[in-house]
Amino acid sequence: MRLHAYHGVLPQEREVGNDYIINLSVDYPITTACRTDEVADTMSYADAATLVRQQMAVPSNLIEHVAYRVCAALLGRFTQATAVTVDIMKVAPPMSADCHGAGVALTLTRNDL
């Protein structure tokens, strides 16, 4: 997903915001859905995307904190999920380096909550 959000410790980051690229990986039992071809037997990508948008809309100093909230929200909503990995990259971080972005990747399991 690519979203605009207002995370960061600098005032400008909170006022202007930045674009973020968010990638998810969810450990979820999909064997039944593979056999049945029924949406009800798997998790909803649309619901996952809604949870990501909701968490990205809450301004935070650190994207590490945002990543934790995203993982926790997904594990809370999708009770069959055993682990979630979220990768959040700030596309144009305010630093004196030419780069494609800066970010974090976080994996949480149910035991980590």
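Predicted model: local features only at pLDDT ≥ 70, side-chain atom pairs only at ≥ 80, totals over all residues.
Close-up 1. Look for Val 9 in the loop between E1 and H1. Together with Leu 10 and Leu 62, Val 9 makes a nonpolar surface patch of about 280 Å².

**Close-up 2. The salt bridge between Lys 90 and Glu 13.** Here the side chains of Lys 90 and Glu 13 come together in a salt bridge, with a distance of 2.4 Å from N to O. Lys 90 belongs to strand E3 (residues 83-90) and Glu 13 to helix H1 (residues 11-15), so this pair ties together parts that are 77 residues apart in sequence. Are the two partners buried or exposed? Lys 90 is buried, because its relative accessible area of 10% falls under the 20% cut-off. Glu 13 is buried too, with a relative accessible area of 10%. You will meet both residues again in the view of the second largest pocket, where Glu 13 and Lys 90 are among the lining residues closest to the centre.

**Close-up 3. The salt bridge between Arg 2 and Asp 19.** This view shows one of three salt bridges that the structure holds. The side chains of Arg 2 and Asp 19 meet at 3.4 Å, N to O. Distant parts of the chain are linked by this pair: Arg 2 sits in strand E1 (residues 2-5) and Asp 19 in strand E2 (residues 18-27), 17 residues apart. Arg 2 counts as exposed at 52% relative accessibility, whereas Asp 19, at 26%, counts as partly exposed.

**Close-up 4. The salt bridge between Arg 77 and Asp 47.** Two helices supply the partners in this view. The side chains of Arg 77 and Asp 47 form a salt bridge with an N to O distance of 2.8 Å. Arg 77 comes from helix H4 (residues 63-77) and Asp 47 from helix H3 (residues 45-56), so the contact ties together parts that are 30 residues apart in sequence. Arg 77 is partly exposed, with a relative accessible area of 43%. Asp 47 also counts as partly exposed, at 31% relative accessibility.

**Close-up 5. The largest pocket.** Which residues lie nearest its centre? Of the 13 residues that line the largest pocket, these are Val 26, Met 43, Ser 44, Tyr 45 and Ala 48. If you trace the lining by element, E2 and H3 each supply at least two residues. By class, the lining of the largest pocket has ten nonpolar residues and three polar ones, with no charged residues.

**Close-up 6. The second largest pocket.** The volume of the second largest pocket is about 190 Å³. It is lined by 14 residues, and the closest to its centre are Glu 13, Asn 61, Ile 63, Glu 64 and Lys 90. H4 and strand E4 (102-109) each give at least two residues to this lining. Which element supplies the largest share? E4 does, with three residues. Sorted by class, the lining of the second largest pocket divides into eight nonpolar, three polar and three charged residues.

Conventions
Residues numbered from 1 in each chain as written. Heavy atoms only, no water. Salt bridge = Lys/Arg side-chain N within 4 Å of Asp/Glu carboxyl O. Helix = DSSP H or I, 4+ residues; strand = E, 2+ residues; numbered from the N terminus. Buried < 20%, exposed > 50% of the residue type's maximum accessible area, 1.4 Å probe, protein only. 1 Å grid on protein atoms, 1.4 Å probe; cavity = no way out; pocket = protein on both sides within 12 Å on 5 of 7 lines; lining within 4 Å. Nonpolar A, V, L, I, M, F, W, Y, C, P; charged D, E, K, R; others polar. Points joined across faces, edges and corners; volume = space filled by probe spheres on them. Patch = residues over 30% accessible without salt bridge, like charges linked within 9 Å, V, L, I, M, F, W, Y side chains within 5 Å. Areas by Shrake-Rupley, 256 points an atom, 1.4 Å probe, with all protein chains shown as cover.
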